[in-house]
Each structure stands twice: as structure tokens, then as C-alpha cells.
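Work through the exercises below with the sequence and the structure open. Try each task before reading its solution.

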Amino acid sequence: MTALSSISPADAVQPDAQALAVVPTTREPPTGVLALLPRDEVEALADLVAASKAPRTRRTYAAAWHGWVAYAQARGLAVLPADPVVVATWVAYLVATPTPHGRKRTASAIGVALAAVACAHALRGLPNPTRHPIVQQARQGARRTLHVAARAPRRALATAELRRICEALPDTV
């Protein structure tokens, strides 16, 4: 079982298998209001928070969160709360820097990275830096730079078209 408590960047990059990557997972006694609650209830809360995201999402967020922590710490900047200008600069860095495997990052991967940062802030009741206009503009610029075309709205099938499709199906379907 995991307990929610204070977090350090070191805790944030060492995700527990049962906890959301950005949920505090330190084994130290809870602090703040959590210290006033029964330990088993705090652990039950941690389990529910961990269950709120699929295991693959937790792993993906953990990797993205690790990238954010490394970026901020390498520059001597605060990990939490994140400054929106620094987050926007991180987006530019992600666009300009290949992955460890030498591939260009996708707009989707950058979106996931921003979602991990947003999740970390939300879980701690901090303002979401990814909603700041500078971050939104950086994300839109990344999408344009990475040539992600906006999709045209798709037209739904008309009733007559759907009937023709169904009539063309074999009787065994």
C-alpha cells in the first residue's frame, strides 16, 4: 500500500507499481491534513488514486514526468509548481530534441507529456501550467511544426447509404 504525503522530485521519478507515477509514494508518515486521518484510510485513498489511471497510462506519465523533472532540475528550476514559461520552453525543447532512440517526437507524445505535468499539478491542488496561453500556443506551434494537419469534420452516413451497405452484406452476417 502507498501513502500520500509530501513529495520531492526524487519521489516523483521513482513511481511505485501501485501508484500513479506522479502521486507521492514515499513511505514516510503522511503530512498536513493527511496526518490527521487514520493511516488505513490514507492508504485506501492512495489505492483509489492509483486505480484512477490504467497501468499503461501510469507508466507513460511516469516517463513523461521523469523527462519534465530532468529538464527542470538540469536548469535549476522548480519542478512544482511549474512556471508556464518554463513548461512552454520545455515544449520547444521536446520539438527540437530527438528521443533517446533518435526519433523525432510526435505532437501526440508532447500532448501526453503535458498531460503528465497537468496531472501532477492537479493531484496537488496546484494551478495547471499547461492551461496558460503561452503553453497552449507552444503546443499549437509544435503541432504545426510537426505537420499535424487539422482534420476536416467527417460527414455521417445518410440513411440511404447505410441501407445500401446493409443490403450488400451477405445473409450470414
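Predicted model: local features only at pLDDT ≥ 70, side-chain atom pairs only at ≥ 80, totals over all residues.

**Exercise 1.** Which residues of α2 are buried, and which exposed residues does the face turned away from them carry?

Solution. Step one: locate α2 at residues 39-51. Step two: apply the cut-offs, where buried means under 20% relative accessible area, exposed over 50%, and partly exposed in between (1.4 Å probe, protein chains only). The buried residues are Val42, Glu43, Ala46, Val49 and Ala50. They cover an arc of only 120° around the axis, which puts them on the same side of α2; the arc is that of the directions from the helix axis to the C-beta atoms. Step three: turn to the face away from the buried side, which carries the exposed residues Asp40, Leu48 and Ala51. What covers the buried residues of α2 includes α3 (55-74) and α5 (107-123).

**Exercise 2.** At what angle do α4 and α5 pack, and how far apart are their axes?

Solution. Step two: read the values, an angle of about 150° and axes 11 Å apart. Step three: classify the angle (under 35 degrees roughly parallel, over 145 roughly antiparallel, 65 to 115 roughly perpendicular, the rest oblique). The helices α4 and α5 are therefore roughly antiparallel to each other. Step four: list the contact (heavy atoms within 4.5 Å). Val87, Trp90, Val91, Leu94 and Val95 of α4 meet Ile110, Ala113, Leu114 and Val117 of α5.

**Exercise 3.** How do α5 and α6 pack, by angle and by distance between axes?

Solution. Step one: the angle is about 160°, and the axes are 9 Å apart. Step two: α5 and α6 are therefore roughly antiparallel to each other. Step three: the contact is made by Ala107, Ile110, Gly111 and Leu114 of α5 and by Val135, Arg139, Ala142 and Arg143 of α6.

**Exercise 4.** Where is Ala82 found, and is Ala82 buried or exposed?

Solution. Step one: Ala82 is in the loop between α3 and α4. Step two: Ala82 has 7% relative accessibility and therefore counts as buried. Step three: not counting residues up to four places away in sequence, Ala82 touches Trp68, Val87, His121 and Pro129. Step four: the C-alpha atoms of Ala82 and Ala120 are separated by 10.0 Å, although these residues are 38 residues apart along the chain.

**Exercise 5.** Which residues does a cis peptide bond join?

Solution. Step one: most peptide bonds are trans. Step two: the cis bond joins Leu80 and Pro81, with omega about -15°. Step three: Pro81 lies in the loop between α3 and α4.

Key. Residues numbered from 1 in each chain as written. Heavy atoms only, no water. Helix = DSSP H or I, 4+ residues; strand = E, 2+ residues; numbered from the N terminus. Expected span 1.5 Å × (residues − 1). Axes fitted to C-alpha atoms, helices over the stretch in contact; angles between N-to-C directions.
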